[in-house]
Amino acid sequence: MTSKLSPRRRRRVSVPCLLVLIALSTVFGLLMADLRSIDPSPKLQIREKTLEILEKEDFSANSTVSKLEEADAGKKCATVEEMGEIFRRGYVEESLRVRRIIRNHFAVNGPSRIRELTPEQFCNHGFVIGKASEAGLGNELYKILTAAALSVMLNRGKYPFGDYISYSSVSFTLKEVKHLWKQNRCLTKYGRHLTMRIDDFQKPSRTDVLCSNWREWEQPIIWFQNTTDAVAAQFFLKNVHPEMREASSNLFGRPEDLQYRANVFGELMRILISPSKDVEKAVNWALSGRRDPDIALHMRMMMNRSVRAKQAAVDCLRKAIRNLPMISKPKVVLVSDTPSMVNNIALTLEEFAEVLHFDYENFEGNISGNSNKLSIINFRTKDWGPAPRWVAFVDFFLASRAKYAVISGAHRRVGTTYAQLIAALAAAYRLDDNAPLNSSSIAFLSSFQGSLLSDGLKRQVGWGHVWNRFAGPLSCRGQPNQCAVTPVLPPGWWDGLWQSPIPRDAQRMEAYGMKLTGFGTFDDSHLNIFCKKRRNSALVAQLI
């Protein structure tokens, strides 16, 4: 599987963009590299190590599920903290296994090998392409990572956010792939056009994510389009073809076994991206030569200054600090889209913690070669905040230095894609290759003020939000403030304990061929019938 990226201007393709190409002889090579599933088995013991970041009276990991099921017998709903209990076990064993799969993939399918193939062999390879524009950082990174999850190879060249993120040099550029296609005479000698099949995930009528066996597609390039969150790649877990389901579950785990899931996107980021030299310089300037932060607190406020959100986050932070290793004064890095919130909450935190944040107004370095390019853009101001957009990249890599916990708080939606990826990258950074399988993981915590939970998690709409798959009728109304353990890999389905869909999502899933019950279960036969009746809607573009 080879991969590819390029910002080339092309017919109706916006620039700048990121193109990820991966040789398709191993499309799903990452997924298929180890067909052992991550579901519970006699060989996979649940470790007895709990997350030290949490209350000491919590269930031990090897009894969490059984005790939860016993305690929850007869209950009709759960609080966010109760829902999060299943994630307390951590993800060390599964993440190390997935890390090995990724490494093996690179070792076997690196570009150096692909370049040495005979012309006939090269011309029979295929590629996966991922494109990202310079919009919201979290959503756009997920587009790249979803393509990487299909084959784990990133390109180099001028990428999206190229002034702020460096991409690993383990893959092809699109320019080189086209050059090799011509050099190997794929068209003139073997009659093979360089074509691209486009599958648009966000448009049910234009996606075959559930109905088709992608391993049988003949087009040299596949573009899985508009994959802006952790959900898209996990749709393959319900594909009607068994080999596709098995390949996907090998990477993401069984959707019903929420406690046995790896930090997939964090492990991909660990290998594929790093801060640019300028961003790294800004991060080091913020640290001022001091140690990395113990905890990162991300507040998604969208220009709001909610006192309740602030207080809930402070309480959640105190809870996390109580279980830290003995530290005289823990260091907390603050990240927010609303600078006034940073200043406001810092005054409270300084009573019991050393507070750190990136003060971009006093930073004298030059981050972007084009200072106007990613400065304030009016239509994104509410999303990114009033600070120049490059500040989000410094904040991202600064927060991912956290050693023990990442906490997400918000005015409305907790655990957005940005916060998810900070937690995932921090967790991957801190997981040592030789870590004991029963060692603790970085904790990802969600801070909810009670006002957000008057209708339970119903307001956590949007598939990019980490608690969306728990937002249905099994979520209790009228909850007090919550500080909940949060999945580092957001679930893509509703098969686990306490998961249920909101009506809006159930209705949306019908367009994909899934008829969900109020509790998120569905009938396989309905999807099979839907797929058999479905007309071939393949969209193919010719590049050479």
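**Close-up views of the disulfides**

**View A. The link between cysteine 211 and cysteine 531.** Cysteine 211 and cysteine 531 are joined by a disulfide, with an S to S distance of 2.1 Å, in what is a predicted model. The torsion about this S-S bond is about -70°, so the disulfide of cysteine 211 and cysteine 531 is left-handed. Because cysteine 211 lies in the loop between β5 and β6 (221–225) and cysteine 531 in helix α19 (residues 524–533), the pair ties together parts that are 320 residues apart in sequence. Cysteine 211 is buried, with a relative accessible area of 14%, and cysteine 531 also counts as buried, at 14% relative accessibility.

**View B. The link between cysteine 77 and cysteine 476.** The sulfur atoms of cysteine 77 and cysteine 476 lie 1.9 Å apart and form a disulfide, which is right-handed, with 95° about the S-S bond. This pair links distant parts of the chain, 399 residues apart, with cysteine 77 in the loop between α2 (64–71) and α3 (80–84) and cysteine 476 in the loop between β13 (454–457) and β14 (482–485). Cysteine 77 is partly exposed, its relative accessible area being 22%, whereas cysteine 476 counts as buried at 11% relative accessibility.

**View C. The link between cysteine 123 and cysteine 186.** Cysteine 123 is joined to cysteine 186 by a disulfide (S to S 2.0 Å), and the torsion about its S-S bond is about -85°, so this disulfide is left-handed. Since cysteine 123 belongs to helix α6 (residues 119–123) and cysteine 186 to the loop between α8 (174–183) and β5 (195–200), the pair ties together parts that are 63 residues apart in sequence. Both cysteine 123 and cysteine 186 are buried.

Terms used: Residues are numbered from 1 along each chain as its sequence is written. This is a predicted model: local features need pLDDT of at least 70, side-chain atom pairs count only at pLDDT 80 or more; totals for chains, interfaces and linings use all residues. Side-chain values use heavy atoms; hydrogens and water are left out. A disulfide is a pair of cysteine sulfur atoms within 2.5 Å. Helices (H or I, at least four residues) and strands (E, at least two) are DSSP runs, numbered from the N terminus. Buried means under 20% relative accessible area, exposed over 50%, partly exposed in between (1.4 Å probe, protein chains only).
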